[in-house]
Amino acid sequence: MSDHQGPPTGVGLPPRRRRAPRSPAGGIRLLLVALAAGATATSPSRAQERPDARARAHARNEEGVRRFEAGDREGALGPFREAHRSAPDEPTYRLNLGRCLLALGDARRAERRFDDAARDYHEAGGLLPDDPAPPLRQGLALLEGDRPRDARGVLEDAARRFPEVALGHELLAAACYRLGDVARAIEGWERALALEPDNALVRRALERARKDERVEADLRVDLSAGPFTVKYDGAADEALGRQVVQVLREAHRDVGAWLGRFPRGEVAVVIYPGRSFREVTGAHAWVGGLFDGKIRVPAAGLAQAPPAEVRRVLTHEYTHALVRSVGGPRVPAWLHEGLAQVVEGRARADARRGLTRATAPGLAELGGSFAGEPDPARARLRYAAACELVHELLGRGGAPLVAEVLDRLGRGEDLDAALRAVYGLDQEGLERAWRAGLP
Ligand SMILES: [Zn+2]
(Lines give C-alpha, C1' and ligand atoms only; values in the text may rest on other atoms or scores of the structure.)
Protein backbone atom coordinates (compact mmCIF):
# COMPACT_ATOMS: atom_id res chain seq x y z
CA MET A 1 0.00 0.00 0.00
CA SER A 2 1.28 3.42 -0.82
CA ASP A 3 1.02 6.48 1.23
CA HIS A 4 0.95 10.21 1.10
CA GLN A 5 2.37 12.35 3.84
CA GLY A 6 0.56 15.54 3.01
CA PRO A 7 2.16 18.76 1.94
CA PRO A 8 5.87 19.11 2.63
CA THR A 9 6.50 20.51 6.07
CA GLY A 10 9.55 22.60 6.82
CA VAL A 11 11.39 21.96 3.61
CA GLY A 12 8.85 23.49 1.26
CA LEU A 13 7.58 26.81 2.46
CA PRO A 14 7.60 27.23 6.22
CA PRO A 15 4.64 29.38 7.29
CA ARG A 16 7.10 31.94 8.66
CA ARG A 17 8.05 32.86 5.11
CA ARG A 18 4.62 34.30 4.51
CA ARG A 19 5.40 37.20 6.77
CA ALA A 20 9.15 37.16 6.51
CA PRO A 21 9.34 39.66 3.65
CA ARG A 22 8.57 42.87 5.48
CA SER A 23 4.91 43.69 5.06
CA PRO A 24 4.69 47.11 3.50
CA ALA A 25 1.07 48.07 4.21
CA GLY A 26 1.55 50.24 7.30
CA GLY A 27 4.94 51.69 6.47
CA ILE A 28 4.13 52.59 2.90
CA ARG A 29 1.23 54.89 3.64
CA LEU A 30 3.38 57.08 5.82
CA LEU A 31 6.18 56.89 3.34
CA LEU A 32 3.86 57.91 0.52
CA VAL A 33 2.68 60.95 2.44
CA ALA A 34 6.20 61.88 3.38
CA LEU A 35 7.44 61.32 -0.15
CA ALA A 36 4.57 63.24 -1.68
CA ALA A 37 5.40 66.16 0.60
CA GLY A 38 9.06 65.81 -0.37
CA ALA A 39 8.12 65.91 -4.03
CA THR A 40 6.33 69.19 -3.56
CA ALA A 41 9.41 70.63 -1.89
CA THR A 42 11.93 69.42 -4.47
CA SER A 43 10.08 69.99 -7.72
CA PRO A 44 10.18 73.81 -8.27
CA SER A 45 13.67 74.02 -9.79
CA ARG A 46 12.82 71.41 -12.41
CA ALA A 47 9.33 72.74 -12.89
CA GLN A 48 10.76 75.74 -14.72
CA GLU A 49 12.04 73.48 -17.51
CA ARG A 50 8.75 71.75 -18.41
CA PRO A 51 6.12 73.30 -16.19
CA ASP A 52 3.09 71.51 -17.70
CA ALA A 53 4.58 68.04 -17.47
CA ARG A 54 5.81 68.67 -13.92
CA ALA A 55 2.49 69.99 -12.74
CA ARG A 56 0.64 67.07 -14.32
CA ALA A 57 3.05 64.55 -12.78
CA HIS A 58 2.64 66.19 -9.40
CA ALA A 59 -1.16 66.06 -9.65
CA ARG A 60 -1.13 62.39 -10.72
CA ASN A 61 1.16 61.48 -7.85
CA GLU A 62 -1.16 63.22 -5.40
CA GLU A 63 -4.09 61.33 -6.89
CA GLY A 64 -2.19 58.06 -6.47
CA VAL A 65 -1.38 58.82 -2.85
CA ARG A 66 -5.02 59.68 -2.16
CA ARG A 67 -6.27 56.40 -3.64
CA PHE A 68 -3.57 54.33 -1.99
CA GLU A 69 -4.37 55.92 1.36
CA ALA A 70 -8.02 55.00 0.85
CA GLY A 71 -6.98 51.36 0.36
CA ASP A 72 -7.48 51.37 -3.42
CA ARG A 73 -4.08 49.97 -4.49
CA GLU A 74 -5.30 48.92 -7.90
CA GLY A 75 -6.74 52.40 -8.54
CA ALA A 76 -3.55 54.07 -7.33
CA LEU A 77 -1.41 52.20 -9.84
CA GLY A 78 -2.54 54.14 -12.96
CA PRO A 79 -1.90 57.63 -11.49
CA PHE A 80 1.48 56.52 -10.07
CA ARG A 81 2.43 55.10 -13.46
CA GLU A 82 1.51 58.34 -15.24
CA ALA A 83 3.41 60.46 -12.70
CA HIS A 84 6.50 58.29 -13.21
CA ARG A 85 6.14 58.37 -16.99
CA SER A 86 5.77 62.17 -17.05
CA ALA A 87 8.80 62.71 -14.79
CA PRO A 88 11.00 59.59 -14.99
CA ASP A 89 13.93 61.31 -13.23
CA GLU A 90 11.87 62.13 -10.14
CA PRO A 91 12.84 59.59 -7.46
CA THR A 92 9.66 60.12 -5.42
CA TYR A 93 7.36 59.02 -8.22
CA ARG A 94 9.56 56.05 -9.00
CA LEU A 95 9.54 54.99 -5.36
CA ASN A 96 5.80 55.40 -4.98
CA LEU A 97 5.11 53.33 -8.09
CA GLY A 98 7.50 50.63 -6.89
CA ARG A 99 5.93 50.49 -3.43
CA CYS A 100 2.45 50.40 -4.90
CA LEU A 101 3.43 47.43 -7.10
CA LEU A 102 4.88 45.64 -4.06
CA ALA A 103 1.63 46.12 -2.15
CA LEU A 104 -0.39 44.94 -5.17
CA GLY A 105 1.82 41.87 -5.44
CA ASP A 106 1.17 41.08 -1.77
CA ALA A 107 -2.58 41.37 -2.30
CA ARG A 108 -2.43 39.06 -5.34
CA ARG A 109 -0.34 36.54 -3.45
CA ALA A 110 -2.95 36.53 -0.70
CA GLU A 111 -5.51 35.65 -3.41
CA ARG A 112 -3.14 32.91 -4.66
CA ARG A 113 -2.77 34.72 -8.02
CA PHE A 114 0.91 33.87 -7.97
CA ASP A 115 1.75 34.62 -11.60
CA ASP A 116 0.17 38.09 -11.34
CA ALA A 117 1.98 38.70 -8.06
CA ALA A 118 5.32 37.63 -9.56
CA ARG A 119 4.78 40.04 -12.47
CA ASP A 120 4.07 42.97 -10.11
CA TYR A 121 7.11 42.16 -7.97
CA HIS A 122 9.26 41.93 -11.08
CA GLU A 123 8.19 45.38 -12.22
CA ALA A 124 8.74 46.73 -8.69
CA GLY A 125 12.27 45.29 -8.78
CA GLY A 126 13.14 47.41 -11.82
CA LEU A 127 12.01 50.55 -9.97
CA LEU A 128 13.60 49.71 -6.61
CA PRO A 129 16.96 48.16 -7.57
CA ASP A 130 18.49 48.60 -4.11
CA ASP A 131 15.62 46.93 -2.25
CA PRO A 132 15.84 43.13 -1.75
CA ALA A 133 12.07 42.83 -1.14
CA PRO A 134 10.88 42.74 -4.79
CA PRO A 135 13.09 39.88 -6.03
CA LEU A 136 12.63 37.88 -2.81
CA ARG A 137 8.87 38.17 -2.98
CA GLN A 138 8.94 37.41 -6.71
CA GLY A 139 10.87 34.24 -5.93
CA LEU A 140 8.44 33.35 -3.15
CA ALA A 141 5.41 33.88 -5.42
CA LEU A 142 6.99 31.69 -8.12
CA LEU A 143 7.68 28.97 -5.54
CA GLU A 144 4.13 29.15 -4.23
CA GLY A 145 2.87 29.02 -7.81
CA ASP A 146 4.83 25.80 -8.34
CA ARG A 147 7.43 27.30 -10.68
CA PRO A 148 10.65 26.35 -8.85
CA ARG A 149 12.83 26.63 -11.97
CA ASP A 150 11.82 30.26 -12.58
CA ALA A 151 12.06 30.92 -8.84
CA ARG A 152 15.62 29.61 -8.77
CA GLY A 153 16.67 31.96 -11.57
CA VAL A 154 15.27 35.01 -9.79
CA LEU A 155 16.57 33.98 -6.36
CA GLU A 156 20.09 33.12 -7.55
CA ASP A 157 20.39 36.67 -8.81
CA ALA A 158 18.86 38.09 -5.59
CA ALA A 159 21.20 36.05 -3.35
CA ARG A 160 24.16 37.33 -5.36
CA ARG A 161 23.06 40.97 -5.13
CA PHE A 162 21.97 40.83 -1.46
CA PRO A 163 24.27 38.23 0.14
CA GLU A 164 23.56 39.57 3.64
CA VAL A 165 19.83 38.74 3.49
CA ALA A 166 19.22 35.29 5.01
CA LEU A 167 15.78 34.91 3.43
CA GLY A 168 17.27 35.05 -0.06
CA HIS A 169 19.48 32.03 0.62
CA GLU A 170 16.61 30.27 2.37
CA LEU A 171 14.20 30.67 -0.53
CA LEU A 172 16.87 29.78 -3.08
CA ALA A 173 17.54 26.59 -1.09
CA ALA A 174 13.82 25.73 -1.13
CA ALA A 175 13.69 26.19 -4.92
CA CYS A 176 16.80 24.01 -5.43
CA TYR A 177 15.38 21.34 -3.12
CA ARG A 178 12.15 21.26 -5.08
CA LEU A 179 14.18 20.80 -8.27
CA GLY A 180 16.03 17.86 -6.75
CA ASP A 181 19.34 19.77 -6.43
CA VAL A 182 19.97 18.77 -2.81
CA ALA A 183 23.64 19.80 -2.74
CA ARG A 184 22.83 23.37 -3.75
CA ALA A 185 19.88 23.44 -1.32
CA ILE A 186 22.18 22.47 1.55
CA GLU A 187 24.57 25.26 0.58
CA GLY A 188 21.74 27.81 0.63
CA TRP A 189 20.34 26.69 3.97
CA GLU A 190 23.85 26.70 5.48
CA ARG A 191 24.32 30.30 4.39
CA ALA A 192 20.90 31.28 5.75
CA LEU A 193 21.68 29.59 9.06
CA ALA A 194 25.05 31.33 9.33
CA LEU A 195 23.19 34.65 9.05
CA GLU A 196 20.27 33.59 11.29
CA PRO A 197 21.51 30.89 13.69
CA ASP A 198 18.20 30.80 15.63
CA ASN A 199 16.03 29.94 12.63
CA ALA A 200 14.64 26.53 13.66
CA LEU A 201 12.79 25.96 10.37
CA VAL A 202 15.98 26.39 8.37
CA ARG A 203 17.81 24.10 10.78
CA ARG A 204 15.17 21.38 10.32
CA ALA A 205 15.15 21.75 6.54
CA LEU A 206 18.94 21.50 6.54
CA GLU A 207 18.94 18.33 8.66
CA ARG A 208 16.45 16.71 6.34
CA ALA A 209 18.35 17.72 3.22
CA ARG A 210 21.60 16.32 4.66
CA LYS A 211 19.82 13.02 5.28
CA ASP A 212 18.67 13.05 1.65
CA GLU A 213 22.14 13.97 0.47
CA ARG A 214 23.81 11.01 2.17
CA VAL A 215 21.80 8.76 -0.14
CA GLU A 216 21.23 10.93 -3.20
CA ALA A 217 24.83 12.08 -3.68
CA ASP A 218 25.71 8.71 -5.20
CA LEU A 219 22.69 8.50 -7.47
CA ARG A 220 22.48 9.23 -11.16
CA VAL A 221 20.08 11.97 -12.26
CA ASP A 222 17.90 11.26 -15.27
CA LEU A 223 16.62 14.55 -16.67
CA SER A 224 15.29 13.01 -19.86
CA ALA A 225 11.88 12.19 -18.45
CA GLY A 226 9.78 15.23 -19.37
CA PRO A 227 8.66 17.03 -16.20
CA PHE A 228 10.32 14.39 -13.99
CA THR A 229 13.77 14.51 -12.43
CA VAL A 230 14.49 10.89 -11.56
CA LYS A 231 17.42 9.86 -9.35
CA TYR A 232 18.55 6.26 -9.05
CA ASP A 233 21.61 4.08 -8.54
CA GLY A 234 23.01 3.94 -12.07
CA ALA A 235 25.06 0.81 -11.34
CA ALA A 236 22.60 -1.35 -9.42
CA ASP A 237 19.23 -0.09 -10.65
CA GLU A 238 19.82 0.87 -14.28
CA ALA A 239 16.99 -1.21 -15.73
CA LEU A 240 14.63 -0.30 -12.93
CA GLY A 241 15.40 3.39 -13.44
CA ARG A 242 14.51 3.17 -17.12
CA GLN A 243 11.31 1.29 -16.27
CA VAL A 244 10.31 3.93 -13.71
CA VAL A 245 10.88 6.76 -16.20
CA GLN A 246 8.72 4.97 -18.77
CA VAL A 247 5.88 4.29 -16.30
CA LEU A 248 5.91 7.89 -15.05
CA ARG A 249 5.70 9.23 -18.60
CA GLU A 250 2.66 7.03 -19.21
CA ALA A 251 1.07 8.13 -15.93
CA HIS A 252 1.63 11.78 -16.91
CA ARG A 253 -0.15 11.17 -20.21
CA ASP A 254 -2.99 8.92 -18.97
CA VAL A 255 -3.89 10.74 -15.75
CA GLY A 256 -3.68 14.01 -17.65
CA ALA A 257 -6.11 12.72 -20.25
CA TRP A 258 -8.53 11.53 -17.57
CA LEU A 259 -8.44 14.48 -15.19
CA GLY A 260 -7.61 17.16 -17.76
CA ARG A 261 -4.77 18.51 -15.58
CA PHE A 262 -0.97 18.37 -15.63
CA PRO A 263 1.54 19.41 -12.97
CA ARG A 264 2.68 22.99 -13.33
CA GLY A 265 6.28 22.38 -12.38
CA GLU A 266 8.91 19.68 -12.10
CA VAL A 267 8.28 16.46 -10.19
CA ALA A 268 11.32 15.16 -8.28
CA VAL A 269 11.54 11.37 -7.98
CA VAL A 270 14.05 9.35 -5.92
CA ILE A 271 14.45 5.58 -6.18
CA TYR A 272 16.21 4.58 -2.97
CA PRO A 273 18.83 1.84 -3.32
CA GLY A 274 19.11 -1.02 -0.84
CA ARG A 275 17.67 -0.34 2.59
CA SER A 276 17.99 3.43 2.43
CA PHE A 277 14.28 4.14 1.86
CA ARG A 278 13.23 3.36 5.41
CA GLU A 279 16.34 4.99 6.87
CA VAL A 280 15.63 8.28 5.12
CA THR A 281 11.84 8.38 5.29
CA GLY A 282 11.20 6.51 8.56
CA ALA A 283 8.10 5.19 6.83
CA HIS A 284 6.02 2.37 8.27
CA ALA A 285 6.61 -1.13 6.99
CA TRP A 286 3.42 -1.12 4.92
CA VAL A 287 4.41 1.94 2.90
CA GLY A 288 5.45 1.06 -0.68
CA GLY A 289 6.24 4.62 -1.69
CA LEU A 290 5.39 8.13 -0.62
CA PHE A 291 5.03 11.67 -1.78
CA ASP A 292 6.08 14.54 0.48
CA GLY A 293 6.99 17.05 -2.20
CA LYS A 294 9.19 14.39 -3.83
CA ILE A 295 8.06 10.97 -5.00
CA ARG A 296 10.16 8.51 -2.95
CA VAL A 297 10.13 4.79 -3.74
CA PRO A 298 12.30 1.87 -2.57
CA ALA A 299 14.29 0.09 -5.29
CA ALA A 300 14.26 -3.14 -3.28
CA GLY A 301 10.46 -3.25 -3.26
CA LEU A 302 10.04 -2.28 -6.92
CA ALA A 303 12.73 -4.59 -8.30
CA GLN A 304 10.96 -7.63 -6.84
CA ALA A 305 7.48 -6.50 -7.83
CA PRO A 306 5.65 -7.54 -11.00
CA PRO A 307 5.29 -4.75 -13.62
CA ALA A 308 1.63 -4.18 -12.72
CA GLU A 309 2.59 -3.47 -9.12
CA VAL A 310 5.37 -1.06 -10.16
CA ARG A 311 2.81 0.76 -12.31
CA ARG A 312 0.29 0.84 -9.45
CA VAL A 313 2.74 2.31 -6.93
CA LEU A 314 4.15 4.96 -9.29
CA THR A 315 0.78 6.00 -10.71
CA HIS A 316 -0.50 6.38 -7.16
CA GLU A 317 2.39 8.60 -6.09
CA TYR A 318 2.33 10.57 -9.34
CA THR A 319 -1.34 11.36 -8.70
CA HIS A 320 -0.37 12.84 -5.32
CA ALA A 321 2.21 15.06 -7.04
CA LEU A 322 -0.38 16.18 -9.61
CA VAL A 323 -3.11 16.80 -7.00
CA ARG A 324 -0.67 18.80 -4.90
CA SER A 325 0.38 20.86 -7.93
CA VAL A 326 -3.20 21.65 -8.97
CA GLY A 327 -4.96 21.82 -5.60
CA GLY A 328 -2.17 23.16 -3.38
CA PRO A 329 -1.90 22.48 0.33
CA ARG A 330 -5.66 22.65 1.06
CA VAL A 331 -6.55 19.30 -0.50
CA PRO A 332 -7.67 16.97 2.33
CA ALA A 333 -5.98 13.57 2.71
CA TRP A 334 -9.14 11.65 1.74
CA LEU A 335 -9.32 13.44 -1.62
CA HIS A 336 -5.59 12.85 -2.22
CA GLU A 337 -5.74 9.17 -1.26
CA GLY A 338 -9.11 8.55 -2.88
CA LEU A 339 -8.00 9.97 -6.22
CA ALA A 340 -4.64 8.19 -6.08
CA GLN A 341 -6.40 4.84 -5.57
CA VAL A 342 -9.05 5.45 -8.23
CA VAL A 343 -6.30 6.35 -10.72
CA GLU A 344 -4.27 3.26 -9.86
CA GLY A 345 -7.41 1.29 -10.73
CA ARG A 346 -9.06 0.40 -7.42
CA ALA A 347 -12.73 -0.40 -8.06
CA ARG A 348 -15.57 0.87 -5.93
CA ALA A 349 -16.71 -2.67 -5.08
CA ASP A 350 -13.27 -3.48 -3.71
CA ALA A 351 -13.13 -0.33 -1.59
CA ARG A 352 -16.61 -0.98 -0.26
CA ARG A 353 -15.80 -4.48 1.00
CA GLY A 354 -15.64 -4.37 4.80
CA LEU A 355 -16.87 -0.79 4.94
CA THR A 356 -20.15 -0.20 6.80
CA ARG A 357 -22.01 2.79 8.16
CA ALA A 358 -20.77 1.77 11.60
CA THR A 359 -17.09 1.22 10.76
CA ALA A 360 -16.46 3.93 8.14
CA PRO A 361 -14.38 6.81 9.50
CA GLY A 362 -15.83 10.31 9.14
CA LEU A 363 -14.61 13.07 6.84
CA ALA A 364 -13.05 14.97 9.74
CA GLU A 365 -10.92 11.97 10.68
CA LEU A 366 -9.98 11.44 7.02
CA GLY A 367 -8.81 15.02 6.52
CA GLY A 368 -5.32 14.66 8.02
CA SER A 369 -2.35 12.61 6.80
CA PHE A 370 -2.75 8.83 6.65
CA ALA A 371 0.97 8.23 7.18
CA GLY A 372 0.85 8.52 10.96
CA GLU A 373 -1.46 5.50 11.30
CA PRO A 374 0.63 2.69 12.80
CA ASP A 375 -2.16 0.05 12.72
CA PRO A 376 -2.32 -1.58 9.25
CA ALA A 377 -5.96 -2.66 9.68
CA ARG A 378 -7.02 0.84 10.63
CA ALA A 379 -4.95 2.27 7.77
CA ARG A 380 -6.71 -0.10 5.30
CA LEU A 381 -10.09 1.13 6.50
CA ARG A 382 -9.11 4.78 5.97
CA TYR A 383 -7.86 4.10 2.45
CA ALA A 384 -11.02 2.18 1.61
CA ALA A 385 -13.21 5.02 2.89
CA ALA A 386 -11.21 7.61 0.94
CA CYS A 387 -11.55 5.58 -2.26
CA GLU A 388 -15.29 5.11 -1.68
CA LEU A 389 -15.77 8.82 -1.11
CA VAL A 390 -14.03 9.78 -4.34
CA HIS A 391 -16.11 7.20 -6.25
CA GLU A 392 -19.16 8.89 -4.66
CA LEU A 393 -17.98 12.26 -6.06
CA LEU A 394 -17.19 10.75 -9.46
CA GLY A 395 -20.73 9.37 -9.59
CA ARG A 396 -21.95 12.97 -9.46
CA GLY A 397 -20.37 14.31 -12.66
CA GLY A 398 -17.14 12.46 -13.33
CA ALA A 399 -13.53 13.61 -13.37
CA PRO A 400 -14.13 17.17 -14.72
CA LEU A 401 -16.04 18.18 -11.59
CA VAL A 402 -13.41 16.68 -9.27
CA ALA A 403 -10.80 18.64 -11.23
CA GLU A 404 -12.85 21.78 -10.68
CA VAL A 405 -12.86 21.18 -6.92
CA LEU A 406 -9.05 20.90 -7.08
CA ASP A 407 -8.82 24.14 -9.09
CA ARG A 408 -10.93 25.94 -6.51
CA LEU A 409 -8.85 24.61 -3.60
CA GLY A 410 -5.76 25.67 -5.52
CA ARG A 411 -7.13 29.20 -5.76
CA GLY A 412 -7.47 29.29 -1.99
CA GLU A 413 -11.15 28.43 -1.52
CA ASP A 414 -11.89 26.31 1.52
CA LEU A 415 -13.20 22.78 1.10
CA ASP A 416 -16.82 23.50 2.05
CA ALA A 417 -17.02 26.42 -0.40
CA ALA A 418 -15.44 24.39 -3.22
CA LEU A 419 -17.71 21.38 -2.66
CA ARG A 420 -20.80 23.58 -2.42
CA ALA A 421 -19.94 25.46 -5.62
CA VAL A 422 -19.38 22.26 -7.60
CA TYR A 423 -21.76 19.72 -6.02
CA GLY A 424 -24.16 21.85 -3.98
CA LEU A 425 -23.06 19.96 -0.84
CA ASP A 426 -20.68 20.92 1.95
CA GLN A 427 -18.58 18.32 3.80
CA GLU A 428 -21.40 17.49 6.18
CA GLY A 429 -23.89 17.04 3.34
CA LEU A 430 -21.43 14.89 1.40
CA GLU A 431 -20.75 12.70 4.43
CA ARG A 432 -24.48 12.25 5.08
CA ALA A 433 -25.22 11.29 1.46
CA TRP A 434 -22.23 8.95 1.35
CA ARG A 435 -23.03 7.17 4.62
CA ALA A 436 -26.63 6.68 3.58
CA GLY A 437 -25.39 4.59 0.64
CA LEU A 438 -23.18 2.31 2.78
CA PRO A 439 -24.47 -1.05 4.01
ZN1 LIG B 1 -1.18 7.76 -1.15
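Me: OK, two strands count as paired if DSSP finds at least two bridges between them. How many bridges join strand β5 to β6?

Reply: Two bridges join β5 (residues 290-291) to β6, and these strands run antiparallel. This is a predicted model, so to speak: local features need pLDDT of at least 70, side-chain atom pairs count only at pLDDT 80 or more, and totals for chains, interfaces and linings use all residues. Residues are numbered from 1 along each chain as its sequence is written.

Me: And what counts as a strand or a helix?

Reply: Both are DSSP runs, numbered from the N terminus: helices are H or I with at least four residues, and strands are E with at least two.

Me: Back to β5 and β6. Which residue in β6 is the bridge partner of L290?

Reply: L290 has R296 as its bridge partner in β6. The two strands form a hairpin with two residues between them, and G293 there takes a positive phi near 115°.

Me: Which strand pairs with β6 in the parallel sense?

Reply: That's β4 (residues 267-272), which pairs with β6 over five bridges. V269 stands opposite I295 of β6.

Me: Is β6 covered or open to the outside?

Reply: Mostly covered: five of its five residues, 294-298, are buried. A residue is buried if 20 or more other C-beta atoms lie within 10 Å of its own, exposed if 12 or fewer, and partly exposed in between, with C-beta atoms placed from the backbone. Both faces of β6 are covered, with K294, R296 and P298 buried on one side and I295 and V297 buried on the other.

Me: What about β3?

Reply: Five of the five residues of β3 (residues 228-232) are buried, so this strand is largely enclosed by the rest of the structure. One side has F228, V230 and Y232, the other has T229 and K231, and they are all buried.

Me: Which strands does β3 pair with?

Reply: β2 (residues 220-225) is joined to β3 by four bridges and runs antiparallel to it, while four bridges join β3 to β4 in the parallel sense. A225 has F228 as its bridge partner in β3, and F228 also stands opposite V267 in β4.

Me: What sits in the turn between β2 and β3?

Reply: The hairpin has two residues between the strands, and G226 in the turn has a positive phi of about 60°.

Me: Switching to helices. How do you describe two packed ones?

Reply: You give the angle between their axes and the distance between the axes. Axes are lines fitted to C-alpha atoms, for helices over the stretch in contact, and angles run from 0 to 180 degrees between N-to-C directions.

Me: So what are the values for α4 and α5?

Reply: The axes of α4 (residues 51-69) and α5 (residues 73-86) come within 8 Å and cross at roughly 160°. That makes α4 roughly antiparallel to α5. Angles under 35 degrees count as roughly parallel, over 145 as roughly antiparallel, 65 to 115 as roughly perpendicular and the rest as oblique.

Me: Left-handed or right-handed crossing?

Reply: Left-handed. A crossing gets that label if the near helix is turned anticlockwise from the far one by less than a right angle, and right-handed if clockwise.

Me: Which helices does α8 pack against?

Reply: α8 (residues 133-144) packs with α9 (residues 148-161) at an angle of about 165°, with axes 8 Å apart. Therefore α8 and α9 are roughly antiparallel. Residues making the contact include L136 and L143 of α8 and V154 and L155 of α9, where contact takes C-beta atoms, placed from the backbone, within 7 Å. The axes of α7 (residues 114-127) and α8 come within 8 Å and cross at roughly 165°, and that crossing is left-handed.

Me: How far apart are the ends of α6?

Reply: Its end C-alpha atoms are 29 Å apart, which agrees with the 28 Å that its 20 residues (91-110) should span at 1.5 Å a residue. The expected span is 1.5 Å times one less than the number of residues. 16 of the 20 residues of α6 are buried, so this helix is largely enclosed by the rest of the structure. Just after α6, R112 takes a positive phi of about 60°.

Me: Last one: where is G289?

Reply: G289 is in the loop between α14 (276-281) and β5. This glycine is buried, with 28 other C-beta atoms within 10 Å. Its C-alpha atom is separated by 8.9 Å from that of H316, 27 residues apart along the chain.

Definitions and conventions
Contact = placed C-beta atoms within 7 Å.
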